[in-house]
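Subject: Structure handover and notes

Hello,

Here is the structure I said I would pass on. My notes on it follow below.

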Amino acid sequence: MDVVVIGSGIGGLVAGALLARYGRRVVVCESHSIPGGAAHGFERQGFRFDSGPSFFCGLSDRTSLNPLRQVLDVLGETVPAIAYDPLGHYHFPDGTLPIYGNLEQYRTTLARISPQGAIELQRLEQRILQLYGALQAIPTLALRADWQLLLDLLTQYPGAMAKMAWQLPAIQASVADLMHDLHDPILRRLVDLECFLLSGLKADGTVAPEMAFMFGERSRSVIDYPVGGSEAIVEALVRGLQRWGGELRLNAHVEQIVVEQGKVTGVLLRNGTQLQAPVVISNATVWDTYTHLLAPEVVPKRDRQLALHTPAVDSFMHLHLGIRADGLTNLTGHHVVVHDLQQDIATPGNTCMISIPTVWDAALAPPGHHVIHAYTLEPYADWQRDATYPDRKRQRAQPLFRALERVIPDLRDRIVLELIGTPLTHARYLRRYQGTYGPAIAAGQGLFPSCQTPIAGLYRVGDSTLPGIGVPAVAASGILCANALVTRQQHHTLLREWQAQSANVVGSLA
């Protein structure tokens, strides 16, 4: 085989499927019995739950800039999705605000509680959308994670590069830097919350291009939810991998990446099987790759120390519920509850995220019921499976129950199925270092590690390689890695095919 991918998260599946599309012989090894990593779905008593991501843009829009959408196109796969707006409701102690992708509606709603905030929001929109306009001229599918990227950009996209040159200060800035002259406290609260939901960091720590992409996509494309949940996205990527000759092996736990004389030669599975390949792509986190998968002696000491000192976002408490839906009218699908404005929004339990996907896809639950996924930050430290574990789980989940009662006051009387997950659950089932969702590298305080490593033939993808803890970022990491492993000619051929396909779609829609 040509390539072994460790892990079937979105980043690993994108890299593996694209390389199979390029004609490489690819095997994706997944430790668990189901694929998807943090995006996998699971079923209990007829209720189907998302384990992680619940917010998506552009799945049903063939003109979207969503990297995942671009990959699905070149693989010949689609994921039916249901469009909606508002994208959610933000619940604060002093009131609730619907948040729209439609910018005029967003401003109008904000103006009801803060006229000055609405004025300043429009100024911020202009700055963010100017940056989005510069970024959108270069599709993610055109990017690669090697030195040939600059050559491609200068020769294929000279106009876009000139436009980006004007936006260079914004590209290097944090979101807070774009707000230096905006002072409305309600707007600042909103932007901090939006950034936190996107990156795990507030406006001063979130890089501006990350916010620009999210803001631009949800206002210029479409907010939608995949029919069948995040599991449907995973299934589409697996179909794409297999359609182009790639292989997915489940229950295939990789014990070690085999390195000889500074070069990768394959991987060793827990069952003793060795798979030989000149290229290995790790979809494990940066910490797990350098501590569990690589022997210490094969990694240069400085590189290993830099990797292991990467700061991490905390883990999460998760609440998955099946509830009776009778009498619930006008229920919307996304909610964020901030319990206490005097505390930092990143304080564990203070900010709670809620997804009720059966608002859009009723088939995810038995008739007359809803599924709910709620989660909040929770540090990994001090968690252990001992006699106090069950009681501590329930205690630490109480902020999630209180948050849900802001949306459904009689929630506790409606519960027919209750599952509580902790950082230990996250670490165990997702094979993630301390259950984290990814690095917490603030804007201006360092760069994310790229997909390159100091070991020849070893690459990395996933949320430890690009800013952002969402699906677009991990999909982009898979694209950049796959493109860097093929020739420029192969890359350009695929890109031209995709551009021709996209042009035909746009023409048919005109």
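Which residues are linked in a network of salt bridges? They are Arg324, Asp326, Asp410 and Arg414. A salt bridge here is a side-chain nitrogen of Lys or Arg within 4 Å of a carboxyl oxygen of Asp or Glu.

Before the rest, two remarks on the source. This is a predicted model, in which local features need pLDDT of at least 70 and side-chain atom pairs count only at pLDDT 80 or more, while totals for chains, interfaces and linings use all residues. Residues are numbered from 1 along each chain as its sequence is written, and side-chain values use heavy atoms, with hydrogens and water left out.

Salt bridges

The count comes to 24 salt bridges. Burial is judged by relative accessible area: under 20% is buried, over 50% exposed, and anything in between partly exposed (1.4 Å probe, protein chains only). Arginine 324 is partly exposed at 31%, and aspartate 326 is partly exposed at 44%.

Another salt bridge is formed by glutamate 125 and arginine 107, whose closest N and O atoms are 2.5 Å apart. This pair links distant parts of the chain, since glutamate 125 is in helix H4 (residues 115–136) and arginine 107 in helix H3 (residues 103–111), 18 residues apart. Helices (H or I, at least four residues) and strands (E, at least two) are DSSP runs, numbered from the N terminus. Both glutamate 125 and arginine 107 are buried.

Arginine 270 and glutamate 255 also form a salt bridge, with a closest N to O distance of 3.4 Å. Here arginine 270 is in the loop between strand S12 (263–269) and strand S13 (274–276), and glutamate 255 is in strand S11 (residues 254–260), 15 residues apart. Arginine 270 counts as exposed at 53% relative accessibility, whereas glutamate 255 is partly exposed at 36%.

Aromatic pairs

Rings of Phe, Tyr and Trp (its six-membered ring) pair if their centres lie within 6.5 Å; planes under 30 degrees apart count as stacked, over 60 as edge-to-face and the rest as tilted. The count comes to eight aromatic pairs. The rings of tyrosine 84 and tryptophan 360 are stacked, because their centres are 4.3 Å apart and their planes are at 25°. Tyrosine 84 lies in the loop between S6 and strand S7 (88–92), and tryptophan 360 in the loop between strand S17 (351–355) and strand S18 (369–378), 276 residues apart. Tyrosine 84 is buried at 12% relative accessible area, and tryptophan 360 is buried at 14%.

Phenylalanine 316 and tyrosine 375 make an edge-to-face pair, 5.7 Å centre to centre with 70° between the planes. Phenylalanine 316 is in strand S15 (residues 315–324) and tyrosine 375 in strand S18, so the pair ties together parts 59 residues apart in sequence. Both phenylalanine 316 and tyrosine 375 are buried. Ring pairs also link Phe56, Tyr84, Tyr225 and Trp360 into a cluster.

Strands

Two strands pair if DSSP finds at least two bridges between them. An open sheet of three strands has the order S5-S9-S6, with antiparallel pairing. Strand S5 (56–57) and strand S6 (81–83) are at the edges with a single partner strand each, so one side of each has no neighbour in the sheet. Two bridges join S5 to strand S9 (residues 223–226), and cysteine 57 stands opposite isoleucine 223 in S9.

In strand S16 (residues 334–338), five of the five residues are buried. His334, Val336 and Val338 point one way from S16, and His335 and Val337 the other way. S7 and S16 run parallel, joined by three bridges, with histidine 91 opposite valine 337. S16 and S17 run antiparallel, joined by five bridges, with valine 338 opposite threonine 351.

Arginine 21

Arginine 21 is in helix H1 (residues 10–21) and is buried, with a relative accessible area of 19%. A polar contact of 2.8 Å joins its side chain to that of glutamate 497; such a contact is a pair of N or O atoms within 3.5 Å, where within protein one must be able to donate a hydrogen and the other to accept it, and residues adjacent in sequence count only if both atoms are side-chain atoms.

Regards
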